[in-house]
Amino acid sequence: MLYGMTSDTAVLTEDLTKFYGSQRGIEKLNLDVRTGEVMGFLGPNGAGKTTTIRLLLDFLRPDRGHARILGMDPRRDKATLHRQIGYLPGELAFPGRETAADLLRFFADARGDVPWTAVTSLAERLDLDLSRPVRAMSKGNKQKVGLVQAFMHQPALLILDEPTSGLDPLMQQEFLAMVREARDAGQTVFMSSHVLAEVQSAADRVAIVRNGQLAAVEKVESLGRRAVRSVEIHFGDPVHASEFTGLPGVTGVEVAGPVLRCTVDGRLDPLIKAAARHEVIDLLSAEPDLEETFLSYYYTGEGTSDAAAAGA
Ligand SMILES: Nc1ncnc2c1ncn2[C@@H]1O[C@H](COP(=O)(O)OP(=O)(O)OP(=O)(O)O)[C@@H](O)[C@H]1O
């Protein structure tokens with residue numbers, strides 16, 4: 001058993017590394033996904049998400065490092081593991097002429113013990129017509145077939161590569177509800193996305209990768225607290241920038257007569273207290289935008305706090 005692996009850990013990687021020639025896929029990835037949590041695996045195109053997922057499933061072999069999935073070795077225990085996992089690949093290829101029902105019956109039989117009603121109720125939720133040939137389906141409908149096969153046997157662990165891609169907003173919400181229900185039933189979910197907004201309402205934590213390396217692991221709620229926002233305050237009289245520079249979390253202070261503009265990272269309280277010394281005519285604050293926070297990790301390299309404390 002790897003260091004740090006306990007029954008509370010559904011996925012553990014240690015220094016997991018894969019290069020394609022000289023091209024880095026993923027390097028020295030140390031990640032733990034706790035049993036029963038939903039972890040979003042976020043990064044832009046080419047960051048290394050699919051490489052990681054394929055390593056976890058032993059579709060690729062690492063150059064260095066190890067992974068442990070549900071306490072098992074992805075290579076040695078591949079067959080057992082694949083029965084206990086629900087996997088949605090990033091690229092779905094359905095070459096045959098089967099209908100969705102035929103294909104899903106094949107998957108259900110291969111897994112055994114999957115009541116057909118599990119398939120039909122998922123299909124109903126996702127508004128998927130099972131009688132249609134899969135090959136002729138739109139990307140979104142193919143994605144739904146992929147989701148039904150990943151969820152239908154109520155696996156202990158769901159590994160989903162870009163599950164929201166191709167789904168319209170309504171179906172994305174339905175999918176996220178399925179994820180929350182899976183978590184409530186004690187299942188673990190590891191899902192990649194390049195759009196934070198698409199996973200934030202269901203994820204407990206997000207791991208952020210860039211250029212093949214882990215940039216941060218954060219609780220979604222603390223991403224919210226760290227949200228960077230721009231603030232504009234209109235005062236009754238001219239103010240001095242010096243009154244606001246140096247306040248905790250406040251940067252980029254610009255003053256033009258009675259108007260103050262700045263950026264606030266985290267709590268607004270220090271700025272509000274300083275502003276209250278003057279007559280405040282108006283205050284404009286952009287909604288906390290997790291997308292901006294997410295990007296700020298990329299460009300500042302911040303936010304390794306929870307990564308450093310991973311497993312704590
Ligand atoms: N078969 C391959 N041969 C060479 N390079 C590859 C191969 N597969 C991936 N890469 C490279 O490895 C890096 C990580 O790719 P990966 O597909 O894991 O990223 P990703 O985060 O899943 O991106 P996307 O969202 O586009 O799928 C990229 O630079 C990519 O070009």
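Modeller: What follows covers the sheet, then the helix, then the ligand shell. This is a predicted model, in which local features need pLDDT of at least 70 and side-chain atom pairs count only at pLDDT 80 or more, while totals for chains, interfaces and linings use all residues. Residues are numbered from 1 along each chain as its sequence is written.

The sheet is open and has three strands in the order β2-β1-β4, paired antiparallel. Strands (E, at least two residues) and helices (H or I, at least four) are DSSP runs numbered from the N terminus, and two strands pair if DSSP finds at least two bridges between them. β2 (23-34) and β4 (64-69) are the edge strands; each has a single partner, so one side of each has no neighbour in the sheet. On average, neighbouring strands here are turned by 15° against each other, direction ignored. Strand β1 (residues 9-20) runs antiparallel to β2 and is joined to it by eight bridges. One of the bridge pairs sets Lys18 against Ile26 in β2.

Helix α1 (residues 49-56) lies across β1, β2 and β4, at about 115° to β1. Axes are lines fitted to C-alpha atoms, for helices over the stretch in contact, with angles from 0 to 180 degrees between N-to-C directions; contact means C-beta atoms, placed from the backbone, within 7 Å.

The ligand is surrounded by 13 residues, the closest being Tyr20, Asn45, Lys49, Thr50 and Thr51.

Technical notes: Contact = placed C-beta atoms within 7 Å. Near = placed C-beta within 6 Å.
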